[in-house]
Amino acid sequence: MDITEYIKLVFTDYTLRTITLGTAILGAVTGMLGSFAVLRKQSLLGDAISHAALPGIAIAFLITGAKDTNTLLIGALVSGLIGTFWIRGIITKTHLKSDTALGLILSLFFGFGMLLLTFIQKQPNANQAGLDKYLFGQAATLVESDVWLMAIVTGVCLLVLLLFWKEFKILLFDADYTKTLGFNTRFIDVLITSFIVLAIVLGLQTVGVVLMSAMLLAPAAAARQWTNSLSTMVFLAAIFGAFSGVFGTAISASQNNLSTGPVIVLVAAVFVVFSFIFSPSRGLLFKQIRFIKNRRDLELHKTLAFMYHIAETHENISHPHAIKLLNNFQGFTKKTLQKLVEKNYATIDGSMWSLTDLGFETAANLYTKQSTEDE
Amino acid sequence: MNSAQIEIQLIASLVAIACAIPGTFLVLRKMAMISDAISHSILPGIVIGFFITQDLNSPLLILLAAFTGIITVVLVEYIQKTGLVKEDTAIGLVFPALFSIGVILIAKNANDVHLDVDAVLLGELAFAPFDRLFIGGTDVGPKSLWIIGSILITTIGLLLAFFKELKLSTFDKGLAASLGFSPAIIHYGLMSVASVTTVGAFDAVGAILVVALMIAPAATAYLLTTDLKKMLGLAIGFGVLSAISGYWFAHWLDASIAGSITTMLGFIFLIVFLFAPSKGIIAVMYREKQQRTEVSLLTFLLHLKNHTEERERHVNHLQEHINWQKVRAKTVLDLALKNNMIVFNKNIVSLTEKGDTFTSKAIDYIITNEDAQIEDMKEDFFLFRG
């Protein structure tokens, strides 16, 4: 199936359209809120919350006995919130550290959820099959009403984000200052955390409990590499998230036996790796290039300084010396010598070099004042 | 109790002990989430190992999967070292990616692989006694019992051999390094033990329960003691207790044993979290309340000391001046009276000699601000605490 055909299919095929739209919206909202989680150093909170949501789903099913997506998600939301606030209680009231609290709640809630799920499976209720789709997610089960729910929640998220933008931003970067300004930090904190929980719960049906944390983190971590501005980062993260959703769905739809959740996560991971390597200001590639450049620069200066010390001993500074003289000195390469000539610091005549007036002057001032021009 | 039941409980208990030992150190080294990452990212290792060996219990598979665990740790540390993202984000990025690879590998080869993601994550302890090991035709017990038993013996051996080094490097990395114990070797050694334990146990109890068994008993024990040996002992105790009680709970409910053991762990943690003598929530809240009252008392006494004129020390004036609510004021006054710090004389409050000395010393404390002093002082002066 080629690409144009696939795109045509996305617009005509109901299932494919619903899934593509659903994963795109999901990616956008998780990317948006994930930016806050990453910047608040709460990356793993998402992992803990998504696992902690499982018993909520099971309990909601046990109470209602029906498999209505919305009630199950409300159960997940409640249990996710309980998990989150318990984690906070452990961190603030005891000497256990945050990693212990997260791992504890994550595994305990998940285990309890599994106990309930296996308990439900033994119940004589025909409805019970398919609850385990929340473990790994099944994008194929998305229907139009689910997408509407996602769209509405995303809209509310966006609204709240715009409304409280200033408060979120200031809390993110300087919590103490926010408090002194008289903002209710507790309220803002609870608000943003609740929305993160909400976004995670929304994704459970599509991506599942286990992989949901990656949906939250990966777009945000990728976006972080390209910018230092919060608004750009949130916007970029939403774009990355949406594209992970669309591409992931496309790849899994074009192959047999590929579940959507893991593919979306891998696409998001590719975005992260690409950003890590190729981001212009923080990326590893350009960092390495800058590093090599700086080293060359330093070597050039060292050569120039060495030449200066030789030329100094002569009355005529332009007196030619053999290039061989430079050989016992580490900083010298053919390229740096060439560069010195290009900059008109030195001239080369056969196997002899001599400093120009300009070169001599630059070398003399090399260590006394900072050179303003780079390179 | 039939022999299968005894075997299940034995396996569960051995897993609990094998997990509690590395778990204690992970919790103390603030690396608890690493165990979660390892437990997920061993999946591709298990799948690839399964392609090669076609046997879930082969030692090669365990080593291969444990190796993926180490790779996870190395990757996380590499990403963290680049400084592009924080450590927790690095963990959160690496393990879902590896886990996804594992899931896709299983899905793509669903026809050849009799391996289920659910089984890896959740395990099925109830089936463990059916997979038996035969040596020369004689039945010597369930395979997983042998696997986890040998892992446990190795872990205990390593623990006894390197206890001193582990203890030192956990609590004072700098000193350990300066004494010549390579932190890297101890770190990766611990990581290897954690990986091998996770892989060895996943077949029986599932990857998630391994995380619970590593973190929960250690965290619970940490709330009760600050002595490393006692903590290890308590963690093992809690692990075994929940393994056995969890088994019977699951038996009664007819549900997943792994889930039930985790639930028991959670229950024990909740009890300790609430009622631990000095670090439990109730003790902490009680202490906070006590300290609040005592600080109020101190403020009150300082006020009395500062004002010699009777007008300032009149009960009515004090009421408006300090502006405490009635209940609170009563608590503080009662405490002061009980401790013989103040006397009433026609509605005029004045300090006793003892109250005066206490207040002077308290001022000293506030100026020098030595934390330890005030508690000693309270011990000396108070007959009753707040």
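Predicted model: local features only at pLDDT ≥ 70, side-chain atom pairs only at ≥ 80, totals over all residues.
Residues are numbered from 1 along each chain as its sequence is written, chains are lettered from A and ligands numbered from 1 in the order in which they are written, and side-chain values use heavy atoms, with hydrogens and water left out.

For the 386 residues of chain B, a compact globule would have a radius of gyration near 21 Å, but the chain has 29 Å. Its C-alpha atoms fill a box of roughly 95 × 50 × 40 Å along the principal axes. Chain A has a radius of gyration of 30 Å, well over the 21 Å given by the rule for 375 residues, and is therefore more spread out than a compact globule. The C-alpha trace of chain A spans about 105 × 60 × 35 Å along its principal axes.

Helices (H or I, at least four residues) and strands (E, at least two) are DSSP runs, numbered from the N terminus. Chain B contains 16 helices and four strands, and chain A contains 17 helices and three strands. Contacts are defined by heavy atoms within 4.5 Å. Among contacts between residues at least 6 apart in sequence, those joining residues at least 24 apart make up 67% in chain B and 70% in chain A.

A residue is buried under 20% relative accessible area, exposed over 50% and partly exposed in between (1.4 Å probe, protein chains only). Buried residues account for 53% of chain B and 52% of chain A.

A nonpolar core is a set of buried Ala, Val, Leu, Ile, Met, Phe, Trp, Tyr and Cys residues joined through side-chain atoms within 4.5 Å. The largest such core has 189 residues, and A:Ile90, B:Leu125 and B:Phe269 have the most contacts inside it. Helix H1 of chain B (residues 3–28) gives the most to this core, with 15 residues. Apart from this core lies another, of 18 residues, including B:Leu301, B:Leu304, B:Val332 and B:Ala336. When residues up to four places away in sequence are not counted, B:Leu125 touches B:Ile8, B:Ile11, B:Ala12, B:Ala204, B:Val205, B:Ile257 and B:Ile261.

Key:
Rg over C-alpha atoms; globule rule 2.2 N^0.38 Å.
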